[in-house]
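User: I'd like to talk through a structure with you. Could you take me through its contacts once it is on screen?

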Number of protein chains: 6
Amino acid sequence: MRIFGGRATVELTTRICSCLCTEPGRADIFKFSNDNTFVRILESVRDDDVFVVQTSCPPVDEALVELLIMVDALKRASARRITAVLPYYPYVRSDKKDQPRVPITARLVADLLATAGVDRVVTVDLTADQIQGFFSVPADHLTAQEVLAGHFRAKRLPRPVVVAPDPGAVKRAQRFAQRLGVPVAFVDKRRVGGSEEVKATAVVGDVTGCQAILFDEEVDRGGSSMEALGLLRERKVDAAYLACTHAVLSGPAVERLAGSGLSEVVVTDTVPVPPAKRWDRLTVLSVAPLLAEAIRRVHTGESVSVLFT
Amino acid sequence: MRIFGGRATVELTTRICSCLCTEPGRADIFKFSNDNTFVRILESVRDDDVFVVQTSCPPVDEALVELLIMVDALKRASARRITAVLPYYPYVRSDKKDQPRVPITARLVADLLATAGVDRVVTVDLTADQIQGFFSVPADHLTAQEVLAGHFRAKRLPRPVVVAPDPGAVKRAQRFAQRLGVPVAFVDKRRVGGSEEVKATAVVGDVTGCQAILFDEEVDRGGSSMEALGLLRERKVDAAYLACTHAVLSGPAVERLAGSGLSEVVVTDTVPVPPAKRWDRLTVLSVAPLLAEAIRRVHTGESVSVLFT
Amino acid sequence: MRIFGGRATVELTTRICSCLCTEPGRADIFKFSNDNTFVRILESVRDDDVFVVQTSCPPVDEALVELLIMVDALKRASARRITAVLPYYPYVRSDKKDQPRVPITARLVADLLATAGVDRVVTVDLTADQIQGFFSVPADHLTAQEVLAGHFRAKRLPRPVVVAPDPGAVKRAQRFAQRLGVPVAFVDKRRVGGSEEVKATAVVGDVTGCQAILFDEEVDRGGSSMEALGLLRERKVDAAYLACTHAVLSGPAVERLAGSGLSEVVVTDTVPVPPAKRWDRLTVLSVAPLLAEAIRRVHTGESVSVLFT
Amino acid sequence: MRIFGGRATVELTTRICSCLCTEPGRADIFKFSNDNTFVRILESVRDDDVFVVQTSCPPVDEALVELLIMVDALKRASARRITAVLPYYPYVRSDKKDQPRVPITARLVADLLATAGVDRVVTVDLTADQIQGFFSVPADHLTAQEVLAGHFRAKRLPRPVVVAPDPGAVKRAQRFAQRLGVPVAFVDKRRVGGSEEVKATAVVGDVTGCQAILFDEEVDRGGSSMEALGLLRERKVDAAYLACTHAVLSGPAVERLAGSGLSEVVVTDTVPVPPAKRWDRLTVLSVAPLLAEAIRRVHTGESVSVLFT
Amino acid sequence: MRIFGGRATVELTTRICSCLCTEPGRADIFKFSNDNTFVRILESVRDDDVFVVQTSCPPVDEALVELLIMVDALKRASARRITAVLPYYPYVRSDKKDQPRVPITARLVADLLATAGVDRVVTVDLTADQIQGFFSVPADHLTAQEVLAGHFRAKRLPRPVVVAPDPGAVKRAQRFAQRLGVPVAFVDKRRVGGSEEVKATAVVGDVTGCQAILFDEEVDRGGSSMEALGLLRERKVDAAYLACTHAVLSGPAVERLAGSGLSEVVVTDTVPVPPAKRWDRLTVLSVAPLLAEAIRRVHTGESVSVLFT
Amino acid sequence: MRIFGGRATVELTTRICSCLCTEPGRADIFKFSNDNTFVRILESVRDDDVFVVQTSCPPVDEALVELLIMVDALKRASARRITAVLPYYPYVRSDKKDQPRVPITARLVADLLATAGVDRVVTVDLTADQIQGFFSVPADHLTAQEVLAGHFRAKRLPRPVVVAPDPGAVKRAQRFAQRLGVPVAFVDKRRVGGSEEVKATAVVGDVTGCQAILFDEEVDRGGSSMEALGLLRERKVDAAYLACTHAVLSGPAVERLAGSGLSEVVVTDTVPVPPAKRWDRLTVLSVAPLLAEAIRRVHTGESVSVLFT
């Protein structure tokens, strides 16, 4: 078993390896001045069971292409089996054709991985369970919900409610609510006039006086959360939290969230959170033990299913 | 252009052809006494643009295999392009791995179709938009929501609300609500104790005094609808309707729904509804014009996107 | 090594496992009320060498789709190698394009199996040896002729002759005759007038006073056998037997054969023969030891070739 | 439409083109002194419907590789569709695994053709109909039986019988007999002792006093025919003919057949018969009109099925 | 025919379209704040013959992924044929495994393009002709040598010599020399000591008193050119020029070349040369007419071969 | 581990096996009188790691097809992994499209091998490094340069220079020169007038008074070498040698080289050199130890990279 980490995921790879009492595989990965990525695997992987950990974070396309190139190098170096470990799946939200003549990039990524030579995939908290069906190779879809749920259980909030920030998130928010044994509500969003602009218009469900835990798979620009927070305050919640697996935190997200009055924002390290994006009310939990256990089980042929739920 | 219909979809195929002022292609399709399906296409399709209409209804596997065999016959008979028109997609609900060691049959079906020789797919109201990504061939995902919405708009209900019968249906129910310009609510469902049994536990959102339109992509055994209906009545709705695209109506569904006190159940003919399954408060709208227009546009190379929304 | 049996082949799977001193793998396989097949493998198969036994018998398409779904589930559950054991190959007689615009379903089935994830195939007595060439994966084509031959050798018939019931069966009947060291004859069949109807017209070869053993790969409706029997009697055979591997016995077969005056009908259990289809002159021999030995050899990497002949 | 001929089939290609009032496409095809085949297509085929005629005759592998190279050149030159016209299919008799650890070369050839870029196949009188199932691309399987039958009908033989020279040939001989409306018989062949040697042992069916027409798909070394002829004479036939589509005529064939006393040997030009292999009692009929008509129909999209029978 | 340009190639696409008197296809292409690329084709391409022009320039991976996503969108929007026009091929120099455990990224790119749905490729001046063999789809490999040669012919230099800056470039430099009808020389490079460092060590061939035209497929960092220039001056050339197709000009290239005393640097616009990278002695010739003519010929089915040489 | 040799490579296979203290695998390989190749593997290879050694030498196509058939037989006999060891790669020089409408046969061969079932490739001294990129399976590209260099080092020539016989060979000649630590020169070749004829026109670099070692990957007809030798003599070299890996030696090669006055011609046994092609100044070195070591490392999973350089 050998574990290589892409440059987007150095820290997490080290943590995973440390959970498994091993060292990351050695590889030279850099860019030439012409912006071409170069990869050289520095140790023999002939007939080895190889795992490549690479998450999706900016520069997103570089991380993806780097992963594909690493896999090509490993395949041509005769690795026996190559498992791509994708803590945050690239282009996960481009998973359907909801407008004419748009791509389904998440499926394209699945095909590109297979073309490069990936034999199996391990990933965490996809936006939709159906994305597993994009792969023809076996895929293990882990969830970090239990990591997040443990944190909130420990708080012993008096009257918590899980709130989905938009209708599309209700399903997974409800699962999180069920895990905590608390009610669920959601924020409705509608198109404004004839335009494409979408706006939060109502909270559906009872939240007044509660501790609202906004829950989603990822937080990107923070816009939905901010809109939801405004409506929740109108409905006089007692306090508001934000919990999600993937801390994309792009654009104005940090500024918005840090200044929002949210009691706490709880995320995981599937996407690296650099110091510049951290603030006092941000808690980053690690998925390294979860991924390490998955890798161990895949390698030894044990059942991974216990990590699905 | 030639349109062939599988035996599961004779009536709908005739309606589609009639919209297009054409006749269904002639084919011998029958079962030998050994239960093997036989297909013989009775007219030359060499270099033709062929559409095969086949829906999924019991016996489900026969309908699927018959479709695959028809496509093989058409491919070997040198059809130029074969489009599978699937009003109700086979195994649509087996679209994710939500338990260990289960199949993703909806993806398998997509691969089987491609293997048999299908060049493109037209289908209606998949359970999840992501299923489009299961195909590597172009797929047109139509919706019958406008067909259903037209029916309800004509009713001019005074205070309608769209209700999703479970958390997983909120997203599409909300789209239907937006189309009608009315609010949305949903029914929460939870596991009972440590068992796998799931039970409707609460209505999330305001429904009292409203005309509730339960909305889902399909109605199968009617259990969710019945549970939802019970809770809605506790919440004192004024009236309750059920609207959905696919009238699977299996097991006790008809008995349950006919005796439920629902003001009206509105479905389409993506799945054939035989006389024995009809009752006075059931309305069956036809998707034939929708599918005919899609076929026409695919054949002539016009944009199908207007039919997506 | 794990052996799973489809629902079409429960009894045979148990017999095979018993020969190998093992238990069938545990799996939940059932139909929902909407007629969709569901499969859940109940034990880990990660990195295992898995065999799935499924024969083709009515409902034929359900058995086939169930097999494909089982394979998909096993593949996604990371089985190392999946061998489909097909005692009676689905759609084996649809193996050529002898009319315009018909499918070659036996080839289609081979491709569907590969698409689902089958890595190798074990099957018994195909109608034509060439069908092995339909597979791109390795295929072991076993024969049950020796099982049948042993039975007839033990009879010590005084003057046996093997008779092929139609010209297409001569090749395999001759092989059986050679195995028994006895002469061979066949029944000629011709089109009647300009129609598609085909009728047995003559016995080619000497059969008078002999014990005729009608031999074919399978007995389906029994029509060919009955026609052949009529001609054999005209030619004054001493007695007539019927021997074949696959007891399809569809439609009027049992009634015809039981009332035919055949001294004995000898088949194997590649296709299950339920009590209702059995009569006093029917002998069912088991291929379980043959298949068990093949599975054992495939698993341990020993040569299977000794089982071919 | 453009028709290119491989070097193995120059004369037949010219005849086909002449039937279609066109000229063969121009191409440089030669061997370098290092024995490497070189192909250069001398006219643009961009977006054309291209047919490549190449039969299998010694040197067999050169003819096959030349065909594959021509197809690669045509594909890279952007031909729209490439149809391989194979009057005598390469390695047609290596169509099954009748011994352990042997190839199925006829299937391999089908896959090689597809890999090189062949989009469809036209061929004549395969040894077994099932070989059509080796192709995943559409394949038209023509028969030259009518060409041969016309010749024999014109003879008005008083008491003809068609004789298959071995048990495996009965099926196709019977079809030929049916076409002529005459009886059929066959020659049984058995293993001698425990060896692999096989010997003709008996004529099954009545032939005494008849004009026997030995019929097979091909005549190779002539051994089977000679053995059959010996037995037929013992059975006192009135005269003996040999009819077959493919005149392989390898090794001692010509010497044997010319000196055999056969009244006439009738073959076609699917395999070129050079002057050195001709003798006075050999008649070579041409399949050029048959292939030309097939090519015309494939190109214009008409049904080819009329040429199957 | 529709021509879409990626964001890396806006200007060149406009020039190409202008040569063809057409407009670039309309598409929304942008990055979300999470750095994910989004593409929406704004006009129907159903059944159209589509060309996507995208060169490789920094950010290289974004340009590549954007191209793949555009192709996926076009494929799912049912374009009839998609041709990728790649003026400078991505990762062209990563075309061999010259060290252990490195990728062959140029082949990987060819496979990724095919996976996304590219049906054919047009590209210019690959580093090695063999890269054409990386594609299984038809590929047209154009050369801009004639564009460059025309420029130098017009100069009427009295005693020109073409100089390859390293041994690997001799082959293509010699072709350019032959085109101009002038001699060729090259700069030898050797490893320094046991290190991986490589240094220009000698000019092989006569250059004294000549006008040396350094020629290569691309100029990247300018290091080879600078080293070569130093040696040429030691050998007392009369003047030195640099000519190459692809103006990669990365890192210190512009500074080096602008200050080098080269009489002129002549490149093309296969890679965009922004104003900041231009200086007075840089001449940029356009390949737009060449690419436009290739596109026109591909679309109309005319021979492209005249543009190869 | 089992090693099978094709008929083109019997002697080399024996040498390789002897280096590995093993015996070649037993197989029946012969041609029927109809010129069809037949292969039967005579020992079980089920689940074995199999190597097939086959070089390209006349009859080239027979050797290639024989290899493909062997691989098919091994695959169907369930070998676990099949490595093709190709000392001289078939059609290696047909590696680019340097004229319109020609094939890229070297790529075609790579695809044919993969289609037949080859899992990996080992080869020696390809004409261009890029050909490695033709394979999607892992390929090990060994070099025999060190075998040749050892021979020349031992000679201790006083003033050696390596000379490439044409511009395309400079790159690899320079590598050989670097290995020996000596200078490099090359022979320029130009088209004569407007014709396609190419003629050596000049020696570029200093050779007067030196011991010139003409170096190329292969020697075919010897024409380039003869032309080069003439120019070298005009330039008054002290002596001339010829060194190359692949001794194709076709057409007039032996006569030319033996009578040329070359001091020595040094080749390897990648292509068999029969006694009739040997003369006193020809030295044949063996690559068997190199290939044996590569096979050993591939089998045990050790790094092969040390053999690349």
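User: How much area is buried between domain 1 and domain 2 of chain A?
Analyst: In this predicted model, domain 1 of chain A and domain 2 of chain A bury about 1,300 Å² between them, with carbon and sulfur atoms giving 44% of that area. On the side of domain 1 of chain A, the residues that lose the most area to domain 2 are Tyr88(A), Asp125(A) and Thr143(A), which together make up 36% of what that side buries.

User: And where do those domains run in the chain?
Analyst: The domain assignment of chain A puts domain 1 at 2-143 + 289-307 and domain 2 at 145-285, and their C-alpha centres lie 28 Å apart.

User: How many salt bridges between them?
Analyst: There are four salt bridges between domain 1 and domain 2 of chain A. Arg93(A) forms a salt bridge with Asp220(A), where the closest N and O atoms are 3.1 Å apart. The residues of domain 1 of chain A that touch domain 2 divide into eight nonpolar, four polar and four charged.

User: Switching to chains D and E, how many residues are in contact there?
Analyst: Six residues of chain D are in contact with 14 residues of chain E, and the area buried between the two chains is about 710 Å², of which 33% comes from carbon and sulfur atoms. Arg46(D), Asp47(D) and Arg76(D) supply 72% of the area that chain D buries against chain E, more than any other three residues.

User: What does Arg46(D) meet in a salt bridge?
Analyst: Its side chain meets that of Asp140(E), at 3.2 Å from N to O, and two salt bridges are found across the interface of chain D and chain E. The residues of chain D that touch chain E comprise no nonpolar, two polar and four charged.

Definitions and conventions: Residues numbered from 1 in each chain as written. Chains lettered and ligands numbered in written order. Predicted model: local features only at pLDDT ≥ 70, side-chain atom pairs only at ≥ 80, totals over all residues. Heavy atoms only, no water. Contact = heavy atoms within 4.5 Å. Buried area = accessible area lost by both parts, 1.4 Å probe. Nonpolar A, V, L, I, M, F, W, Y, C, P; charged D, E, K, R; others polar. Domains from an automatic or database assignment.
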